[in-house]
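The exercises below are meant to be worked through with the sequence and the model side by side.

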Amino acid sequence: MSIKDVKLKKPKVNKATDYLLEDSYNEDYFVNCIFNNNIDDNIVIESTIFDGCIFNNIDFSNIELIDVELLDCVFNNCDLSNKSFNDKFIERVEFNDCKLIGISFINSRLKDVLIDNCNCKYVNFANTNFNTVIINNSDLSQISFYETILKNILFDNVNFDKAEVYNTLLNKIDFSTCTITDMLIDQKSLNGMIIDRFQSQDLVRMLGVEFKD
């Protein structure tokens with residue numbers, strides 16, 4: 001499967017206009033907004049929907065996100081590390097050149113999502129449902145796939161070093177362009193996993209087999 005084979009729907013952000021992020025804490029719905037400003041003071045954005053919004057160069061370190069919904073959004077060069085999007089339906093969203101370390105998507109559904117050139121170390125995808133997702137040129141080392149559903153997904157040049165995968169079917173999912181060194185995976189999950197011949201030693205190590213010199 002190649003990128004052109006995944007029919008990813010793009011976010012609908014054609015009419016977005018400038019808005020100040022610091023004004024978001026007392027609003028519950030934002031549509032067609034562009035956010036370009038960083039925040040110096042700590043703010044809380046709670047029970048808010050961002051619909052058709054673009055975030056450029058935003059560091060969310062001083063922004064607490066509580067019960068935030070994302071629909072048709074684009075994040076460019078943003079830092080969303082350690083934010084929680086648990087129990088959410090995230091649809092038609094792009095993360096480009098973003099820092100996503102330690103994000104939690106537990107029990108969430110990701111549909112028509114692009115993650116491109118992002119640092120996603122330690123992300124928790126437990127019980128996450130992926131449907132039509134592309135992840136490429138990104139670091140997913142030490143992430144967690146636990147009882148995760150992967151449908152119509154493409155991994156291209158992704159680092160899965162020390163990723164933990166349990167009760168997650170990888171049948172017919174192509175990892176041949178990815179790094180799978182020291183991946184922790186149960187045998188049921190790896191059945192049907194697609195790799196190239198140079199990754200066979202990594203796969204054997206996943207099964208607990210040792211090579212004799």
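**Exercise 1. Salt bridges**

How many salt bridges does a search of the whole structure find? Locate those of Lys10, Lys88 and Arg92, and place each partner in the chain.

*Solution.* The model is a predicted one, in which local features need pLDDT of at least 70 and side-chain atom pairs count only at pLDDT 80 or more, while totals for chains, interfaces and linings use all residues. Residues are numbered from 1 along each chain as its sequence is written, and side-chain values use heavy atoms, with hydrogens and water left out.

Step 1. The search of the whole structure gives five salt bridges, where a salt bridge is a side-chain nitrogen of Lys or Arg within 4 Å of a carboxyl oxygen of Asp or Glu. Side chains of opposite charge can pair when their charged atoms come close.

Step 2. One of them joins the side chains of Lys10 and Glu94 at 2.7 Å, N to O. This pair links distant parts of the chain, since Lys10 belongs to the segment before strand S1 (17-19) and Glu94 to strand S7, 84 residues apart; strands (E, at least two residues) are DSSP runs, numbered from the N terminus. With a relative accessible area of 56%, Lys10 is exposed, whereas Glu94, at 9%, is buried; buried means under 20% relative accessible area, exposed over 50%, and partly exposed in between, with a 1.4 Å probe and protein chains only.

Step 3. Another is formed by the side chains of Lys88 and Asp67, at 2.6 Å, N to O. Lys88 sits in the loop between S6 and S7 and Asp67 in strand S6, 21 residues apart; Lys88 is buried at 11%, and Asp67 is partly exposed at 39%.

Step 4. The side chains of Arg92 and Asp72 also meet in a salt bridge of 2.6 Å, N to O. Because Arg92 lies in strand S7 and Asp72 in strand S6, the pair ties together parts that are 20 residues apart in sequence. Both Arg92 and Asp72 are buried, and salt bridges that share partners join Asp72, Glu91 and Arg92 into one network.

**Exercise 2. The surroundings of strand S7**

Which strands pair with S7, and how many of its residues are buried?

*Solution.* Step 1. S6 (residues 63-76) pairs with S7 in the parallel sense over five bridges, two strands being counted as paired if DSSP finds at least two bridges between them. Within this pairing, Phe75 has Phe95 of S7 as its bridge partner.

Step 1. S7 also pairs with S8 (residues 109-116), again in the parallel sense, over seven bridges; here Asn96 stands opposite Asp116 in S8.

Step 2. Seven of the eight residues of S7 (residues 89-96) are buried, so the strand is largely enclosed by the rest of the structure.

Step 3. In the loop between S7 and S8 lies Cys98, which is buried with a relative accessible area of 3%. Its C-alpha is 5.8 Å from that of Asp79, although the two are 19 residues apart in sequence.

**Exercise 3. Core and rings**

Which residues touch the most other members of the largest nonpolar core, and which ring pairs link into a cluster?

*Solution.* Step 1. The largest nonpolar core has 57 residues, of which Phe50, Phe55, Phe75, Phe95, Phe155, Phe160 and Phe175 touch the most other members; such a core is a set of buried Ala, Val, Leu, Ile, Met, Phe, Trp, Tyr and Cys residues joined through side-chain atoms within 4.5 Å. S6 gives the most to this core, with six residues.

Step 1. A second, separate core of five residues includes Val13, Ala16, Ile54 and Val74.

Step 2. There are 21 aromatic pairs in the structure, a pair being rings of Phe, Tyr and Trp (its six-membered ring) with centres within 6.5 Å, called stacked if the planes are under 30 degrees apart, edge-to-face if over 60 and tilted otherwise. Phe50 and Phe55 form an edge-to-face pair, 5.3 Å centre to centre with 75° between the planes; Phe50 is buried at 3% and Phe55 at 1%.

Step 3. Ring pairs link Tyr19, Phe30, Phe35, Phe50, Phe55, Phe60, Phe75 and Phe95 into a cluster.

Technical notes. Helix = DSSP H or I, 4+ residues; strand = E, 2+ residues; numbered from the N terminus.
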